[in-house]
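I opened my notebook for a look at a new protein model. Here is what I looked up, entry by entry.

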Amino acid sequence: MSEKMRALVVTRPGGPEVLEVHEVDRPRLRDEHDVLIRVKAAGINPADWQNRKTRAVYDNDGETTREKTILGIDGAGVVAETGSAVHHVQIGDEVWYIDGGYAGNPGSYAEYKVMRGDYVTAKPKTLGFTDAAALPVVALTAWEAVFDKGHVSSGDHVLVHGGAGGLGHIAIQYLAMLGAKIAATVSGDAKADLVRKFGAELAINYRMESVENALLNWRGAPGAQVVFDFVGHGNFAASFKHTADYGRLVNTVVSDWPSGGNAMAEWKNMEIAFVNIGLPQISRNHVIRLRQVGILKKVANLVDEGKLRVHIDRVVPFEGVAEVHRALEAGETLGRSVLEI
Ligand SMILES: NC(=O)c1ccc[n+]([C@@H]2O[C@H](COP(=O)([O-])OP(=O)(O)OC[C@H]3O[C@@H](n4cnc5c(N)ncnc54)[C@H](OP(=O)(O)O)[C@@H]3O)[C@@H](O)[C@H]2O)c1
């Protein structure tokens, strides 16, 4: 095994042009609990362009700067080396994981990655590495949103904002498993086809029609009983209006509270919940991280049973990641995109 590896490196915060392919030292096990992964594919997530722009080379304190960092918050690959305390995986195992990509912990835009062995688990047997790498972050986040925070019952009328995105198309499939009636917002026909394919009854093109009117006509009453906001910012504020009385709003994007939000939420008896799957990495909460690994195991089973599918938009080499970052930031991609290594 070479002592060097290729990686997509960021040396300063900035636009897609700060992504540079470098030859860097291959990482080594830090202690007996670590594994070395030969990364075969990495998910390209919105968090990557967000981190690249703002905090790519910073530690969590926002001040400690590093010379360079490697983005990429999830991936799939082969175990290449194990520490002496790692027993549940062996060299050659095909695994997937969520780990690193910011705050001083190198991510998966690289040929190799070191991480604690407890946080890798077997990838779905029925998926290749590229498709597998598309799933961990969105499958976990949508899981926490739908199953942990959504409290959705069969027959509930549910709205998914950003329905054709990475999170959206997975959340729609989970909601269909729960027997929900699903509406999703989209910006065009191809995205409308995608959300319908995965189980949405209603695709609302928010550029062409009022979401509130569409929900009223669909449910016969104002708003949806549960709203998943995977877009954030102005859409978070709008989502208060899209939520029915006694309804629930679940958000995954840090957004400003709307003016008059408290009054509206109280008036409607709304519940509002947030999901942040990155917190246990930052707070080093081992128990929650193991819980997240448990969710990835359940997701792998759903995939292998043919109950969960991922839609792949683009598969690119290192040199293509900048263009995917640009497209993701513009909301142009459908489903997920992947870096193949
Ligand atoms: N909190 C967490 O733990 C967590 C975890 C994962 C992701 N996230 C965040 O959740 C959000 C969704 O993630 P994702 O993977 O589903 O992203 P994605 O694949 O890019 O999908 C987001 C969708 O939002 C829609 N959209 C509407 N207005 C937009 C705008 N101004 N800019 C960009 N997109 C817009 C786009 O679809 P239309 O064109 O159809 O409108 C887009 O496809 C991201 O902000 C991501 O960072 C948070």
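At what angle do helix 1 and helix 11 pack? I looked it up: helix 1 (residues 46–54) and helix 11 (residues 321–329) pack at about 100 degrees, and their axes are 9 Å apart.

Ground rules before I go on. I am numbering residues from 1 along each chain as its sequence is written. This is a predicted model, where local features need pLDDT of at least 70, side-chain atom pairs count only at pLDDT 80 or more, and totals for chains, interfaces and linings use all residues.

**Helix 1 and helix 11.** Helices (H or I, at least four residues) and strands (E, at least two) are DSSP runs, numbered from the N terminus. The axes are lines fitted to C-alpha atoms, for helices over the stretch in contact, and angles run from 0 to 180 degrees between N-to-C directions. So helix 1 and helix 11 are roughly perpendicular to each other. I noted the scale too: under 35 degrees is roughly parallel, over 145 roughly antiparallel, 65 to 115 roughly perpendicular, and the rest oblique. Next I looked up who meets whom: Pro46, Asp48, Trp49 and Arg52 in helix 1 meet His325, Leu328 and Glu329 in helix 11. (Contact is when C-beta atoms, placed from the backbone, lie within 7 Å.) By class, that contact has 3 nonpolar, 1 polar and 3 charged residues. For the classes, Ala, Val, Leu, Ile, Met, Phe, Trp, Tyr, Cys and Pro count as nonpolar, Asp, Glu, Lys and Arg as charged, and the others, Gly among them, as polar.

**Ile44.** I found Ile44 in strand 3 (residues 34–44). Is Ile44 buried or exposed? Ile44 counts as buried because it has 32 C-beta neighbours inside 10 Å. (Buried takes 20 or more other C-beta atoms within 10 Å, exposed 12 or fewer, partly exposed in between, with C-beta atoms placed from the backbone.) Leaving aside neighbours within four places in sequence, Ile44 is in contact with Val321, Val324, Leu328, Ser337, Val338 and Leu339. Ser337 is 293 residues from Ile44 in sequence, yet their C-alpha atoms are 5.6 Å apart.

**Two domains.** The domain assignment gives me domain 1 (4–135 + 280–340) and domain 2 (138–274). Such bounds come from an automatic or database domain assignment. Their C-alpha centres lie 28 Å apart. I see 13 residues of domain 1 in contact with 13 residues of domain 2. On the domain 1 side, helix 10 gives the most, with 4 residues.

**Helix 3 and helix 10.** The axes of helix 3 (residues 136–149) and helix 10 (residues 286–304) come within 10 Å and cross at roughly 105 degrees. This pair is therefore roughly perpendicular. Pro136, Ala139, Leu140 and Trp143 in helix 3 meet Gln292, Ile295, Leu296 and Val299 in helix 10.

**The core.** Which residues touch the most other members of the largest nonpolar core? They are Ala142, Ala171 and Val195, out of 101 residues. (A nonpolar core is a set of buried Ala, Val, Leu, Ile, Met, Phe, Trp, Tyr and Cys residues joined through C-beta atoms within 7 Å.) Helix 3 gives the most to this core, with 8 residues.

**Positive phi.** Ala103 has phi near 55 degrees, a positive value in a residue other than glycine. I found Ala103 in the loop between strand 6 (94–98) and strand 7 (112–116).

How values were computed
Contact = placed C-beta atoms within 7 Å.
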